[in-house]
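This report looks at helix packing and at a few individual residues. Please read it with the sequence and the model in view.

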Amino acid sequence: MTAVLATPTAPVADVPRTRRRPSGKLVAGLGIAGAFVLLSVLGPLLTGDPEALSYDQLQGPSGAHWLGTTNTGQDVLAQLMSATRGSLTIGVLVGVFATVVSLIIGVAGGYLGGWLDESFSLLSNVFLVLPGLPLVILITDYTETKGLLMIAAIISVTAWAGPARVLRAQTLSLRNRDYVDAARVAGEPGWRIVAFEILPNLAPIVAAQFVFAVLGGVLIEVGLAFLGLAGGASGSWGGMLYYALSASALPRGAWWWFVPPGLFCALLGTGLSLINFAIDERVNPRLRKEAS
């Protein structure tokens with residue numbers, strides 16, 4: 001019977017961990033969104049009063065007015081910076097309102113179940129079948145006070161239903177997981193289970209829905225302002241487009257009045273869409289493999 005001698009093995013070298021490179025879409029999207037945030041914060045402080053009148057009426061870009069003037073002599077650059085702040089403010093408010101309501105309706109109803117879940121589900125279904133944009137236009141038309149907060153609240157009326165359904169479905173899947181059952185057995189209260197066991201797993205979905213709600217809020221507000229239902233000349237990008245259309249800027253060749261707000265709206269939409277695509281790739285492994 002022969003003995004088997006154990007030969008010494010060489011030490012295994014530490015395998016360096018490769019850090020995951022940040023998504024190019026995420027970097028580009030955050031860069032564009034960050035640039036707009038800086039413009040909204042610093043722009044109005046540097047460009048002056050957007051409502052100030054002058055005798056330089058409907059003048060093209062020059063050293064005195066970098067983006068020209070309107071038909072009443074107002075500086076287009078000053079209006080653009082003020083409108084950027086207004087549009088972004090409404091978009092963020094819509095994102096916050098819609099996200100908070102969808103979390104309450106979707107997560108609370110999905111976790112607690114019973115009659116509460118059925119009531120919330122019925123309410124979500126009702127708002128899902130309502131025509132969103134006509135309803136927002138109707139409410140805005142009959143609302144006398146049209147401040148930023150009111151416009152954001154009106155847009156949020158129909159912006160929460162879809163995200164609430166998604167969060168409810170995810171919560172129904174998570175509430176029966178082993179770690180959630182273990183937390184219940186350990187005597188954890190319901191709010192703590194939701195806050196520390198369920199919500200962290202919903203964070204990517206909530207982030208994607210927030211970004212989408214911000215984008216939707218900006219675009220809907222631009223549409224409402226373009227129709228003359230919200231905002232003013234320097235209140236939002238849509239307000240600038242509305243007054244440019246009313247003053248026949250396109251037939252008169254005043255491209256510097258309507259091109260900048262339209263271009264800013266398209267650029268912001270591109271940046272937020274890139275962020276949303278990057279979050280989707282992070283959540284969905286199939287999209288991440290296709291991207292790589």
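Val136, Ile139 and Thr140 in helix 4 meet Ile151, Ile154 and Ile155 in helix 5, where contact means heavy atoms within 4.5 Å and helices are DSSP runs of H or I with at least four residues, strands being runs of E with at least two, numbered from the N terminus. By class, the residues of this contact of helix 4 with helix 5 are five nonpolar, one polar and no charged; Ala, Val, Leu, Ile, Met, Phe, Trp, Tyr, Cys and Pro count as nonpolar, Asp, Glu, Lys and Arg as charged, and the others, Gly among them, as polar.

The model is a predicted one, in which local features need pLDDT of at least 70 and side-chain atom pairs count only at pLDDT 80 or more, while totals for chains, interfaces and linings use all residues. Residues are numbered from 1 along each chain as its sequence is written, and side-chain values use heavy atoms, with hydrogens and water left out.

The protein has 11 helices and zero strands. Of its 292 residues, 37% are buried, that is, under 20% relative accessible area, with exposed meaning over 50% and partly exposed in between (1.4 Å probe, protein chains only). Among contacts between residues at least 6 apart in sequence, 69% join residues at least 24 apart.

Two packed helices are described by the angle between their axes and the distance between the axes. Axes here are lines fitted to C-alpha atoms, for helices over the stretch in contact, and angles run from 0 to 180 degrees between N-to-C directions. A crossing is left-handed if the near helix is turned anticlockwise from the far one by less than a right angle, and right-handed if clockwise.

| Helix pair | Angle | Axis separation | Handedness |
|---|---|---|---|
| Helix 4 (residues 132–141) and helix 5 (residues 148–156) | about 145° | 9 Å | right-handed |
| Helix 1 and helix 10 | roughly 140° | within 8 Å | left-handed |

The axes of helix 1 and helix 10 cross at roughly 140°, which makes helix 1 oblique to helix 10; angles under 35 degrees count as roughly parallel, over 145 as roughly antiparallel, 65 to 115 as roughly perpendicular and the rest as oblique. Their contact includes Phe36 and Leu39 of helix 1 and Phe264 and Glu281 of helix 10, and its residues divide into 15 nonpolar, two polar and two charged.

Thr171 belongs to helix 6 (residues 161–174) and counts as buried because its relative accessibility is 0%. Its side chain reaches the backbone oxygen of Leu167 at 2.7 Å. Not counting residues up to four places away in sequence, Thr171 touches Gly106, Val107, Gly110, Tyr111, Ile198 and Leu202.

Thr72, by contrast, lies in the loop between helix 1 (24–47) and helix 2 (76–112) and counts as partly exposed because its relative accessibility is 34%. The side chain of Thr72 makes a polar contact with the side chain of Gln74 (3.2 Å), a polar contact being a pair of N or O atoms within 3.5 Å; within protein, one must be able to donate a hydrogen and the other to accept it, and residues adjacent in sequence count only if both atoms are side-chain atoms. Leaving aside neighbours within four places in sequence, Thr72 is in contact with Leu53, Ser54 and Gln57.

Leu58, in the loop between helix 1 and helix 2, has a phi near 55°, a positive value in a residue other than glycine.
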